[in-house]
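I opened this notebook to keep a record of what I looked up in the structure.

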Amino acid sequence: MSLRRVLVVEDEMVVAMLVEDMIADLGYEVAGVVSRVDDAMALIDTDGFDVAVLDVHLNGRLIFPFADALAERHIPFLFATGYGERGIPREHSNCPVIQKPFRAEDLKRALARLEAV
């Protein structure tokens, strides 16, 4: 499976820009950046992205409704969070988690893991 177009769901502008740069440097295309759960949900039935990088907390809201919608549609995703794996509910425990702050190599490994599925 080729996961080339990456949606970034992140509410911290500096972090979002850093992740965008990492994605581009790794040879992926940034399909978009959204900073709110509602904005992410509006994209759920589009074909504009192949995979998503999800921050867990967005402006005081949890990303898990969007993660659930992605899982229902078999769209791969990973979590990027300062809380690490302990902040991820059991139903998403099989998803890759990279702990902030992370390096491009961490993101590369997580994306490669999604491609291997």
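This is a predicted model: local features need pLDDT of at least 70, side-chain atom pairs count only at pLDDT 80 or more; totals for chains, interfaces and linings use all residues.

Entry 1, surface. I took accessible areas from the Shrake-Rupley method with a 1.4 Å probe, and for residues only the protein chains shown count as cover. On that basis the accessible surface of the protein chain comes to about 6,400 Å², of which 51% belongs to carbon and sulfur atoms.

Residues are numbered from 1 along each chain as its sequence is written, and side-chain values use heavy atoms, with hydrogens and water left out.

I looked up the secondary structure, where helices (H or I, at least four residues) and strands (E, at least two) are DSSP runs numbered from the N terminus, and found four helices and seven strands in the protein chain. Read along the sequence, the pattern is β-α-β-α-β-β-β-α-β-β-α. The radius of gyration, taken over C-alpha atoms, is set against a globule rule of 2.2 Å times the number of residues to the power 0.38; the chain has 13 Å, close to the 13 Å that the rule gives for 117 residues, so it is as compact as a globular protein of that length. The C-alpha trace spans about 30 × 30 × 25 Å along its principal axes.

With contact meaning heavy atoms within 4.5 Å, I found that, among contacts between residues at least 6 apart in sequence, 60% join residues at least 24 apart.

I worked on a 1 Å grid over the protein atoms alone, where a cavity is a set of points at which a 1.4 Å probe fits but cannot get out, a pocket is an open set with protein on both sides within 12 Å along at least five of seven lines, and lining residues have an atom within 4 Å of a point. Grid points are joined across faces, edges and corners, and a volume is the space filled by probe spheres set on the points. The structure holds one cavity of 30 Å³ or more, and the largest cavity has a volume of about 40 Å³. Strand S1 (5-9), helix H1 (13-25) and strand S3 (51-54) each supply at least two residues of its lining. About 330 Å³ of space lies in the largest pocket, to whose lining helix H3 (64-72) and helix H4 (104-115) each give two or more residues. Of the 15 lining residues of this pocket, Ile75, Pro76, Phe77, Asn94 and Cys95 lie nearest its centre.

Buried means under 20% relative accessible area, exposed over 50%, and partly exposed in between (1.4 Å probe, protein chains only). Thr81, in strand S6 (residues 77-81), counts as buried at 2% relative accessibility. His92, in the loop between S6 and strand S7 (97-99), is buried at 4%, and its contacts beyond four places in sequence include Phe64, Phe77 and Phe79. Lys108, in helix H4, is partly exposed at 43%, and its C-alpha atom is separated by 8.7 Å from that of Met22, 86 residues apart along the chain.
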